[in-house]
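Here are my notes on the strand pairing, in numbered points. Have the model open while you read.

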Amino acid sequence: MKKILICSLAGLLLGACSSAPEQHLVGADRDAHGCIASAGYTWSEAQASCVRVWEEGIRLDPADAARETGAAYVVLSKDGTQAELFVPVKTRPPLLTRAFTPDGPYWADSQQAWLLKRLPQGWECWHQGRLLYTAPNPQEN
């Protein structure tokens, strides 16, 4: 009986000394702006809030699927004066500012490296003179 009691006590002590497995809580990965990446949120300068780009943004598909992979998304500011591109590249493009031409509005950065056009037939996104992404206008019901 004494041996069983000593073995049980030793087992309890050894079990108490082992550390609990590290827990990763979903939603515990807030960034500097409070956006929860594990829930799909990212900070948008244009909206000044956390957004899910696939919900808030306009989906742009690659113009040349053989060269580009993955969709891009455009998030517009509430007043439409700024556009933010979320593209599958390492660095995010700068915030784009709206201007107008006879063909319609466009958004560009200060170096004109990124250009987003809103045309009657849809959207075009250009980078350094090369068409990267497009989106047709949604079908009217």
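1. Terms before anything else: two strands count as paired if DSSP finds at least two bridges between them. Strands are DSSP runs of E with at least two residues, numbered from the N terminus. This is a predicted model, where local features need pLDDT of at least 70, side-chain atom pairs count only at pLDDT 80 or more, and totals for chains, interfaces and linings use all residues. Residues are numbered from 1 along each chain as its sequence is written, and side-chain values use heavy atoms, with hydrogens and water left out.

2. Now the overall picture: eight strands close into a barrel, with antiparallel pairing in the order 3-4-5-6-7-8-9-10. From one strand to the next, the twist averages 30° (axes are lines fitted to C-alpha atoms, and angles run from 0 to 180 degrees between N-to-C directions).

3. Take strand 7 (residues 104-108) next: three bridges pair it with strand 8, in the antiparallel sense. Tyr106 has Lys117 in strand 8 as its bridge partner. The two strands make a hairpin with five residues between them, and Gln112 in that turn has a positive phi of about 60°.

4. How many bridges join strand 8 to strand 9? Six, between residues 114-119 and residues 122-127, running antiparallel. This pair is a hairpin too, with two residues between the strands. Look for Arg118 bridged to Trp123, and for Leu115 bridged to Trp126.

Definitions and conventions: Helices (H or I, at least four residues) and strands (E, at least two) are DSSP runs, numbered from the N terminus.
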